[in-house]
Amino acid sequence: GTVSRDLFIDLPADQLEKLYRLISMVSDKQSPDTAVGSDLDRYASNYGLTRKVGSPSIGIVIFTTNNLSTDIAIPNNSLVTSKSGVNFKIMGNYFFSAADKGRHAATAARIKKALQLAGISYKYAIEIPVQATRVGTNGNVGSLQITNHNLDFDIKVINLASISGGANGESDTQFRNRV
């Protein structure tokens with residue numbers, strides 16, 4: 001409690017404690033064993049390594065209808081949803097065109113047996129690529145799981161094959177082991 005202790009011992013000791021804490025923090029950020037997140041990314045960049053990012057699932061959905069008296073637009077980024085609530089976006093602009101009834105009927109005839117297994121007996125079909133709206137394995141869904149869409153037309157949507165290819169990004173532990 002003396003003035004000399006306050007001035008000559010406690011004040012420098014507090015400053016040294018802050019300095020040691022900063023040195024420890026810098027040491028943790030520069031060690032592959034203790035670095036996390038963006039600090040680990042910066043450490044790995046010293047060796048030319050980057051974290052593997054995840055990928056979204058991709059696949060094909062089938063839109064079907066019995067009525068092609070007018071064109072049905074299926075715009076880019078329209079959403080279709082699986083039974084489990086996973087969203088997928090349409091990749092590109094597509095048209096169920098009345099002028100292409102023959103082609104759409106041929107598509108439906110080609111996949112007729114698979115559509116019947118799904119409980120669909122519509123006359124016209126179009127195949128459209130989709131991509132999960134989120135990166136990761138949660139977008140990998142089995143066949144016949146996509147059943148909803150956000151379009152204002154009387155059409156059905158189904159995926160006859162699994163939608164796959166989704167992968168999670170590399171975790172700190174996986175990246176650290178690779179580094």
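**Salt bridges and their surroundings**

Glu17 is partly exposed, with a relative accessible area of 45%. Here, buried means under 20% relative accessible area, exposed means over 50%, and partly exposed lies in between, using a 1.4 Å probe and protein chains only. Before we go further, please keep in mind that this is a predicted model, where local features need pLDDT of at least 70, side-chain atom pairs count only at pLDDT 80 or more, and totals for chains, interfaces and linings use all residues. Residues are numbered from 1 along each chain as its sequence is written, and side-chain values use heavy atoms, with hydrogens and water left out.

Let us stay with Glu17 for a moment. Its side chain meets that of Arg21 in a salt bridge, 3.2 Å from N to O. The term covers a side-chain nitrogen of Lys or Arg within 4 Å of a carboxyl oxygen of Asp or Glu. Both residues belong to helix α1 (residues 3-29) and sit 4 residues apart, about one turn of the helix; helices are DSSP runs of H or I with at least four residues, numbered from the N terminus. Arg21 is exposed, at 51% relative accessible area.

Asp10 has a salt bridge too, with Arg5 as its partner and 3.5 Å between the closest N and O atoms. Asp10 is partly exposed at 26%, and Arg5 is also partly exposed, at 42%.

Now move along to Arg178, which forms a salt bridge with Glu170, their closest N and O atoms 2.8 Å apart. Glu170 counts as buried at 12% relative accessibility, whereas Arg178 is partly exposed at 32%. Across the whole structure, the search finds 8 salt bridges.

Notes:
Helices (H or I, at least four residues) and strands (E, at least two) are DSSP runs, numbered from the N terminus.
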